[in-house]
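Me: Please take a close look at how the side chains pair up here, and then at the place where the chains meet. I would like the cut-offs spelled out as you go.

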Amino acid sequence: MSKVVIAGDASGTGTFTISAPNGNTDRTLVLPDEAGTVLTSASNIAQQSTQNQVSFACVLSTDQNVSSNTWTKITFDSALLDSNGFFDTTVNKFQPTIAGWYQINLSLSMQGSSIARLITRIYKNGANFRMISYNSGYTSSAAGTGSFLLYMNGSTDYLEGYGYPTATSPKFKSSECEFSGFLVRVD
Amino acid sequence: MNLYEKIISIYPELAGFDFASGVITLQNDSDGKGDYIKEWNHQTLPRPTEEQLA
């Protein structure tokens, strides 16, 4: 039979009391078969679970002039949030060194004239990975946004956002574009 | 004149062509090298030469 030992601390002077709650049902608390400090209801569990979570949000610092009918990488060059430094604003890509499943969000807004359509895609490792949005029927402005989950291997995998406008004098709008994401599950 | 416009001037018949279809793909990686032809798989029109695009 395993045993439970309640040990005092030779340096401390306080008295610690284990007390019962006001209840009428018999209950058993089972300690985990692991070493470490057991959390109590007074512990900040929410903070414990999110303080090290990978997250990022990057935007365009200035409008980006682009060519019509051409896939162009969106130059997200300003980080609003980059918890672990995984987003490189000099080359506009997200490359985490923690493997797992990530939720990725991309919003792209553009202006121009005679806009026929705006397509947005996420590129993974330099190649098209998934279409985020396909919008048409605009005139002088357009926008697309979308989200999805994907697995990143924590070493070589990286993500970039691309936009494809069909318009005259298109440009991606600095104040309305964002590339963001966070780690959902380490795997 | 950007790359798309140059291609249309060389091949006016591509003016109504869907460049998002994957047959002809133009791309710019925002690395300072500008627009380039990433894919050219048109069945009848040959890929423009560097001289034509200069």
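Reply: Lys93(A) lies over the face of Tyr158(A), at 4.1 Å from the ring centre. The rule for a charge over a ring asks that NZ of Lys or CZ of Arg be within 6 Å of the ring centre and within 35 degrees of the ring normal. Please keep in mind that this is a predicted model, where local features need pLDDT of at least 70 and side-chain atom pairs count only at pLDDT 80 or more, while totals for chains, interfaces and linings use all residues. Residues are numbered from 1 along each chain as its sequence is written, chains are lettered from A and ligands numbered from 1 in the order in which they are written, and side-chain values use heavy atoms, with hydrogens and water left out.

Tyr123(A) and Tyr162(A) make a stacked pair, with 3.8 Å from centre to centre and 15 degrees between the planes. This pair links distant parts of the chain, since Tyr123(A) sits in strand 7 (residues 100-124) of chain A and Tyr162(A) in strand 10 (residues 159-172), 39 residues apart. Strands here are DSSP runs of E with at least two residues, helices are runs of H or I with at least four, and both are numbered from the N terminus. Tyr123(A) is buried, at a relative accessible area of 2%, and Tyr162(A) is buried with a value of 2%; buried means under 20%, exposed over 50%, and partly exposed in between (1.4 Å probe, protein chains only).

In chain B, Tyr11(B) and Trp40(B) form a tilted pair, 6.1 Å centre to centre with 40 degrees between the planes. Tyr11(B) comes from the loop between helix 1 (3-10) and strand 1 (24-28) of chain B, and Trp40(B) from strand 2 (residues 36-40), 29 residues away. Tyr11(B) is buried at 10% relative accessible area, and Trp40(B) counts as buried at 11%. Back in chain A, ring pairs join Phe56(A), Phe76(A), Phe87(A), Phe94(A), Tyr102(A) and Phe179(A) into a cluster.

Now for the charged pairs. The count is five salt bridges over all chains, the rule being a side-chain nitrogen of Lys or Arg within 4 Å of a carboxyl oxygen of Asp or Glu. In one of them, Lys171(A) meets Asp63(A) at 3.6 Å, N to O. Lys171(A) lies in strand 10 of chain A and Asp63(A) in the loop between strand 1 (55-59) and strand 2, so this bridge ties together parts that are 108 residues apart in sequence. Lys171(A) is partly exposed, at 26% relative accessible area, and Asp63(A) is partly exposed at 30%.

Glu160(A) forms a salt bridge with Lys73(A), their closest N and O atoms 3.0 Å apart. Here strand 10 of chain A, holding Glu160(A), is linked to strand 3 of chain A, holding Lys73(A), across 87 residues. Both Glu160(A) and Lys73(A) are buried.

A further bridge pairs Asp18(B) with Arg117(A), the closest N and O atoms being 2.5 Å apart. Asp18(B) lies in the loop between helix 1 and strand 1 of chain B and Arg117(A) in strand 7 of chain A, so this pair joins two chains. Asp18(B) is partly exposed at 33% relative accessible area, whereas Arg117(A) is buried at 11%. Salt bridges with shared partners also connect Asp63(A), Lys171(A) and Lys173(A) in one network.

That brings us to the interface. The contact (heavy atoms within 4.5 Å) takes 13 residues from chain B and 15 residues from chain A. The area buried between them is about 1,100 Å², of which carbon and sulfur atoms give 41%; buried area is the accessible area (1.4 Å probe) that two parts lose on being put together, summed over both. On the chain B side, Ala20(B), Gln27(B) and Ser30(B) lose the most area to chain A, together 35% of what that side buries.

Conventions
Rings of Phe, Tyr and Trp (its six-membered ring) pair if their centres lie within 6.5 Å; planes under 30 degrees apart count as stacked, over 60 as edge-to-face and the rest as tilted.
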